[in-house]
Structure formats: structure tokens, C-alpha cells
Amino acid sequence: MNNKAIAMIVAVSMVVVAMSGALAMGSSDAAADEDEIYTNGTIQVDSTGATRELRVNEQEFAGYDYTLTWSVVALSDSGDTSELDKKNWITVLTSTNAVSSTGPSISYNKGSSGTIGDNSPFTVDVSHESDAAVGVYSLSVSDGSGTTHLGVKCEIKVTVGGMEKTLASVYYIYTLTKVEQVSNDIALDSMSMTTNTVFGEYVEEVTTDLLGDIGNYYWYATGLPAGISMSETGYVSGVPLVATDAGTSVKAMVVATDKNTGDAYEGELSITIAEYTQSITDHYFQIEMDGQAVASVTNGSSFAVVQGETVTLKTYEGTSPPGTAQDVQSVTAIASDGTVDTINSTSAGVYSLNSAGTGAYRIVINVDGTNTLSFYLFVTPSLDNISAGIIVNGN
């Protein structure tokens, strides 16, 4: 039996009275003995409405008959949490679990939609989507006007030995604000990597009025070229591993999520990776691993080594060895996270490449300030770090 199955059995077997303190997910701002109150910020509602996810950990009392009653009410302000149970709540959904010899069975009964606010009120519903997990509910708010405050309550009752007991009431407090509908499209400048150097800069949006400070968002991108990634702060970096087709660019999808409201904005990011076209005719480059000559190095060539192996780059003046060993202007190693290290020669034309870390590295040889050559070094984990064992239980 796996740990997850064991955890579920333990959760079902818990004593009811011990469960009242951990019924919802989040951090409680204020609470009575059996109640949890969650102040969840502002929901901006435009003509398309707005949704939020609500959660109650129903697995904790799944072994009993229980009922969850979801209700909504208008509040005078976001801090109006006193005497919550005396408010005129509107029931919008009831979730009932009945335990029989064949196991638990949950049903969901829709109540009346809640209308919150004056004049043109907001319409509020709680629902459980057919593909949602047990305990996951959706709060939906339709178009209204102005600003008002919303209370959402989930009252939890469990029946044990024929007696019904109220475990807790969980409250979610929101401020609803009417906003104009805006296009959630980000216009992003095209980005180019035509020089094959490491690329890393903050994504700047053209329409600053839409998003404002980039630091207010979590960033995510899909479809970036191989070796390139975007951090959650919007920083794009990496070692491009494959050139894009001539004259074309890769279209990546970028998503920016507002840290405060959860609203998501989407945009396209164009990136071009130029091919390696330069040919160095008056120098010869050779890579060695553990003292053995492997091959000559050309623009865009790749080599795989095992972590910890001795890797040496040798640079010669002339078209083939044995030529005159000669230093070049610089040798740099660019890791897949964008880190750039300068490598100094240990003797004339001899450069020791670091293979202590695993991953992809692009080695850039700057011959004389004008001519540049790049190749890839892929470092795989050492076999010494891999082990296997057999564990026998019993006599």
C-alpha cells in the first residue's frame, strides 16, 4: 500500500472533534473556536465576469455523512466580520455526502443565485465542476456596478451516530469592483539573438499602461527555443542549442499573472537564433578528454563528456597540427542558466574546461576580437553517482 493510500485511510479514521481546526486551505486572519475567516482581497469584475477557486478539505470527514452549505451575503466593508452568523445569507449550493455499504456518494444541489449590492447588483454563484476534485469549488461573479463587499460561507455539518454536529463555518471575504473590460493581450517587442551571444534581459512590454511594473507579475513562457528559458521574474536567458530556420523566428507564448488579483495576460514573443556561419581558416582548435585527442573543433560542433573528466581545449596558429600553440584573445564558457565564466590559459594555447557541473555549456572562442567560434560541451552525470540496491523484507 502506498503512502498516499495510507494517508487517506488515516484521514477518514480521524475523530470528528479533532478536525475542526483544519478544514480549509489558507491562513486565517481571525477565527472563533470553530470558524475560519479568510480575507482574500479584491476581485475585479468586467463584462465577462470573474471566477475564483474555493477549497474545503472534504477528505478529512469523508467517512461520515456530511453536508456543506455554501451561502453568500453583502457586507458593509471588507472588515465587516463581526456577527457573521446573524447576516441574511443566501444559499447558493449544497453538497451532501451519504455513506452506505458501497461507500460514500456526493451530490450537489444548486440553490438560488445571490444578488449582492444596490442598483445594478453583482450576481454570485458557487458551483462544483464535473471534472473538479472533491473539495474544490468555483466562485463566479457576473457583471454588476460600483464596488461592494462579498462574504462567502461554507457551513460544515457531520452526522455521527444519528446525531448532527456543526463542525465549523468557513468564511471567504472579497471586495468586488466593477472595471472596464480590457484586452488581455501583451504587445511584446521582437527579440533577436543574431550574434549568438548569451541573451538575458527583462522582457519589456510596449503597452506599459496595461501592465505597469513588470515586478507585479509572475512570468511564464512556452515554446522558447531549445536551451532558452524564462524565469518567473520575466528574465530570459540560456544557451541556444539549435538555430532557427533562416529568415524566421520562433513564436513563444508568454503569460503574465498579476500577483495581487490573479488576472492573467497573454502575449507572443519572437526570438531568432542565427546559425553558425563563420569559418576560421588561419587557426586550428582541438579538444582533449583525459589526455586523449578527440577531434578538431569547428563552429557549432558538439562534444559529450562525463562529469569530472579532464577536458582541455588547445588553440594553434595555422590550419592543422602540429602548428604553433598560441593563445587567443579570450575563451568563455556560458552555462545553461546564463552564467558566463572567462577561462584563462594554463600555458600557451592550453585552456582547461570545467566539467564539475552537469548540463549544456557553450564555449566561445574569440580569436582576435573579430573572428569568433562557438561549440557545445554536454556534461553528463558520473556513473559513480549511480547505485542500485535490493531491500528484502521479512525472514
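**Entry 1: Asp-85**

I looked up what Asp-85 touches in this predicted model. Leaving out residues up to four places away in sequence, I noted Asp-35, Lys-153, Ser-169 and Tyr-171. Lys-153 is 68 residues from Asp-85 in sequence, and their C-alpha atoms are 9.2 Å apart.

Where does Asp-85 sit? I found Asp-85 in the loop that runs between β3 (65-75) and β4 (90-100).

Is Asp-85 buried or partly exposed? Its relative accessibility is 47%, so I logged Asp-85 as partly exposed. The class follows because partly exposed covers the range between under 20% (buried) and over 50% (exposed).

**Entry 2: the chain as a whole**

I went on to the totals. The protein chain has two helices and 29 strands. Of its 395 residues, 39% are buried. I also looked at contacts with a separation of 6 or more: 61% of them are between residues 24 or more positions apart.

**Entry 3: the four-stranded sheet**

I traced an open sheet of four strands in the order β2-β8-β7-β6, and its pairing is antiparallel. Its edge strands are β2 (50-55) and β6 (114-116), each of which pairs on one side only. From one strand to the next, the twist averages 25°.

I followed the pairing of β2 in detail. β2 and β8 (residues 136-141) run antiparallel and are joined by six bridges. One position I looked up was Thr-51, which has Ser-140 in β8 as its bridge partner.

I next looked at β17 (residues 250-258) and β18 (residues 264-273), an antiparallel pair with eight bridges. Which residue in β18 is the bridge partner of Met-253? I found Glu-268 there.

The two strands β17 and β18 form a hairpin, with five residues between them. In the turn I noted Gly-262, which has a positive phi of about 80°.

**Entry 4: the five-stranded sheet**

I traced another open sheet, this one of five strands in the order β21-β29-β28-β24-β25, with mixed pairing. Its edges are β21 (302-306) and β25 (340-343), and each of these pairs on one side only. On average, neighbouring strands of this sheet are turned by 25° against each other, direction ignored.

β24 and β25 are antiparallel and share four bridges. The residue I checked was Val-331, whose bridge partner in β25 is Ile-343.

**Entry 5: Ser-374**

I stayed with this sheet for one more residue. Ser-374 lies in β29 (residues 372-380), and β29 stands between β21 and β28 in the strand order.

Is Ser-374 buried or exposed? Ser-374 has 5% relative accessibility, so I logged this serine as buried. The cut-off I applied is that buried means under 20%.

What does the side chain of Ser-374 make a polar contact with? I found the side chain of Arg-362, at 3.5 Å.

Key:
Residues are numbered from 1 along each chain as its sequence is written. This is a predicted model: local features need pLDDT of at least 70, side-chain atom pairs count only at pLDDT 80 or more; totals for chains, interfaces and linings use all residues. Side-chain values use heavy atoms; hydrogens and water are left out. Buried means under 20% relative accessible area, exposed over 50%, partly exposed in between (1.4 Å probe, protein chains only). A polar contact is a pair of N or O atoms within 3.5 Å; within protein, one must be able to donate a hydrogen and the other to accept it, and residues adjacent in sequence count only if both atoms are side-chain atoms. Two strands pair if DSSP finds at least two bridges between them. Axes are lines fitted to C-alpha atoms, for helices over the stretch in contact, and angles run from 0 to 180 degrees between N-to-C directions. Contact means heavy atoms within 4.5 Å.
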